[in-house]
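Visitor: Please put the model up. I have some questions about how the parts meet.

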Amino acid sequence: MNQGMLALYTLWLRELTRFFRQPSRVAGAIGTPLIFWFFLGSGLQGSFRMPSAENGLSEVSYLQYFLPGTILLVVLFTAIFSSISLIQDRNEGFLQSVLVSPAPAWAVVGGKVLGGTTMAVIQGILFIAAAPLAGMPLSFGMLAGFAFALFLNAFALSALGFALAWRFKSVQGFHAVMNLVLMPMWFLSGALFPPGGAPAWIRSAIQINPLSHGLALLRHALHGHLEAGSFLLSFSIVAGFGLFLIFYSQWAAASRRAGDVL
Amino acid sequence: MNSILEIKNLVHAFKTRRAVDGISLNVQAGEIFAVLGPNGSGKTTLFRILSTLFLPASGMVTFLGLDLAKDYREIRKKIGVVFQNPALDLKLTVRENLIHQGRLYGLCGKDLGLRADEMLQRLGLADRQKDMAGTLSGGLKRRVELAKGLLHRPQVLLLDEPSTGLDPGARAELWNYLIGLRRTEGVSILVTTHFMDEAERADRLVILTQGKIAALGTPKELLQAVGPDFVEIISAEPAALAEAIRSRFAWRVAVTARGVRIEHPGSPAFAAELLAAFPGQMNQVTFRKATLEDVFLAKTGHAFWEEKSV
């Protein structure tokens with residue numbers, strides 16, 4: 001095996017081994033969204049009315065509407081936990097050794113991001129088992145489309161987590177980004193409410209938010225309501241966003257630091 | 001002897017602060033070379049530059065015949081690094097830590113397994129190899145770090161304050177291992193430390209203060225340049241006592257971290273003279289040989305522990 005690929009493989013494997021040895025991480029990434037979904041979803045179920053603009057979704061209950069957004073939250077949480085571990089690992093952990101080893105930067109980024117992606121995909125698939133509870137039958141075709149959308153989202157968000165976390169020296173600093181950037185991106189993705197019923201400025205924010213397009217792919221897989229044109233647009237945006245962040249991360253990780261980071 | 005490391009006028013600054021400020025030195029093959037300095041002296045910055053983490057701001061560093069600014073990838077293959085903060089994955093077993101480490105250096109399969117076994121054996125970790133790294137004591141964790149650092153057979157081992165957090169027994173064991181390693185494998189060792197007794201065990205050492213070289217040489221050379229004999233007085237008010245001694249006697253007096261130090265070979269008559277002159281002001285009087293702390297005081301004008309970080 002090529003040396004870079006060997007390094008990528010071993011770093012990916014390390015992420016997964018760590019993940020399966022910390023059940024609390026799984027509980028944190030799945031449990032919180034599950035509680036959100038079940039309580040918010042059940043509570044708002046009766047008050048929720050789909051705006052007429054959202055064609056094709058009129059038959060959808062709030063629990064069903066909120067499900068793809070909750071899965072996006074699972075993916076986001078997994079990416080965030082993975083990014084936090086990146087900061088800790090670099091300060092006092094194995095990553096210090098990785099950074100002075102001959103492993104190329106792309107292998108370091110790739111191992112971490114694909115590790116995060118794999119964890120998010122596993123959790124997303126576990127979570128979709130909740131769909132029948134909301135009265136959504138699962139089919140094989142639907143699961144295949146869902147797994148593909150899940151992978152794209154997981155990849156893009158893991159890459160986003162890496163790109164953001166790399167700049168931070170402390171976990172505290174990263175918490176601010178999580179609360180001021182990542183969570184608002186999720187709020188403004190159409191996860192909680194349909195854009196159709198929102199004011200114009202929120203609709204614009206949703207339009208330019210890459211997470212909205214990730215969500216659109218998940219929603220398409222679960223509810224099948226997107227027309228082909230916007231599927232292609234959403235796919236291109238999410239894939240492009242992920243690839244851009246991977247290249248950015250690779251560049252950031254490859255440049256030797258002149259000194260302290262944030 | 002040939003140099004493995006040549007540093008010429010190295011400068012590294014963070015914003016306005018010059019952490020490393022014009023250092024030049026050479027390290028020979030097979031040497032144990034210590035970088036001694038208090039916190040903020042620039043030794044950790046120097047370590048990060050040499051371990052290829054930081055790009056040096058200016059100056060020339062030739063490491064194993066390669067230019068550190070350009071050929072750092074080649075250098076990485078030839079050096080082993082042990083960090084001050086533990087670089088173990090605590091959720092992995094001892095053996096898993098070694099296996100992952102080895103793959104980063106292109107080792108794999110049976111070769112890697114055998115090499116890992118060999119290192120586990122050599123560092124006395126074979127019976128703990130299946131334990132989670134997080135369950136080991138501080139001394140054992142250091143041994144795993146050493147095993148990791150040496151797995152790919154580096155020519156040079158860099159260690160940043162390896163004794164931090166170790167009890168005296170584990171510190172002695174670590175140094176015995178390093179000295180044995182140099183003898184049996186010919187590995188050159190560069191170690192930063194703020195323990196003076198440790199630096200005295202190195203073949204040569206450099207003392208850093210505020211990013212500059214205060215002294216450079218073998219421990220013997222450095223110690224001979226000061227003293228060689230001192231009388232040290234432990235006192236509740238060292239500054240006042242030093243002043244009082246200066247005003248009455250012609251001896252060279254300095255205030256140290258512990259008390260007052262007089263350059264004098266010492267004798268019972270001398271002690272009697274002191275006791276008569278300053279009754280009740282001395283808790284303890286010691287006659288001793290010079291230490292690296294005296295070297296530091298002589299070169300910088302202040303005690304080792306008093307250095308302010310800039």
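Guide: Contact means heavy atoms within 4.5 Å. This is a predicted model, in which local features need pLDDT of at least 70, side-chain atom pairs count only at pLDDT 80 or more, and totals for chains, interfaces and linings use all residues. Residues are numbered from 1 along each chain as its sequence is written, chains are lettered from A and ligands numbered from 1 in the order in which they are written, and side-chain values use heavy atoms, with hydrogens and water left out.

Visitor: Which residues does Arg18(A) touch, not counting residues up to four places away in sequence?

Guide: Start with its place: Arg18(A) lies in helix 1 (residues 3-20) of chain A. Helices (H or I, at least four residues) and strands (E, at least two) are DSSP runs, numbered from the N terminus. Leaving out residues up to four places away in sequence, Arg18(A) touches Asp89(B) and Lys91(B).

Visitor: Is Arg18(A) buried or exposed?

Guide: Buried means under 20% relative accessible area, exposed over 50%, partly exposed in between (1.4 Å probe, protein chains only). Arg18(A) has 15% relative accessibility, so Arg18(A) counts as buried.

Visitor: Which residue of chain B meets Arg14(A) in a salt bridge?

Guide: Arg14(A) is buried, at 3% relative accessible area. Within chain A, the side chain of Arg14(A) forms a salt bridge with Asp89(A) (2.4 Å, N to O). That pair links distant parts of the chain, helix 1 and helix 3 (residues 62-92) of chain A, 75 residues apart. Across to chain B, at 2.5 Å, N to O, the partner of Arg14(A) is Asp89(B).

Visitor: How much area do chain B and chain A bury between them?

Guide: The size of an interface is often given as the accessible area lost when the parts come together. Here buried area is the accessible area (1.4 Å probe) that two parts lose on being put together, summed over both. In contact are 36 residues of chain B and 31 residues of chain A. With 57% of it on carbon and sulfur atoms, the area that chain B and chain A bury is about 3000 Å².

Visitor: How many salt bridges does the rule find across the interface of chain B and chain A?

Guide: Over all chains, the whole structure has 29 salt bridges. Across the interface of chain B and chain A, the number is 3.

Visitor: Which residue forms a salt bridge with Arg252(B), with the closest N and O atoms 3.5 Å apart?

Guide: Arg252(B) is exposed, with a relative accessible area of 59%. Arg252(B) belongs to a salt-bridge network that includes Glu232(B), Arg261(B) and Arg288(B). At 3.5 Å between the closest N and O atoms, its partner is Glu263(B).

Visitor: Where is Met282(B)?

Guide: Met282(B) is buried, at 13% relative accessible area. Its contacts include Ile233(B), Leu241(B) and Leu274(B). Its place is the loop between helix 10 (268-277) and strand 14 (284-289) of chain B.

Notes: A salt bridge is a side-chain nitrogen of Lys or Arg within 4 Å of a carboxyl oxygen of Asp or Glu.
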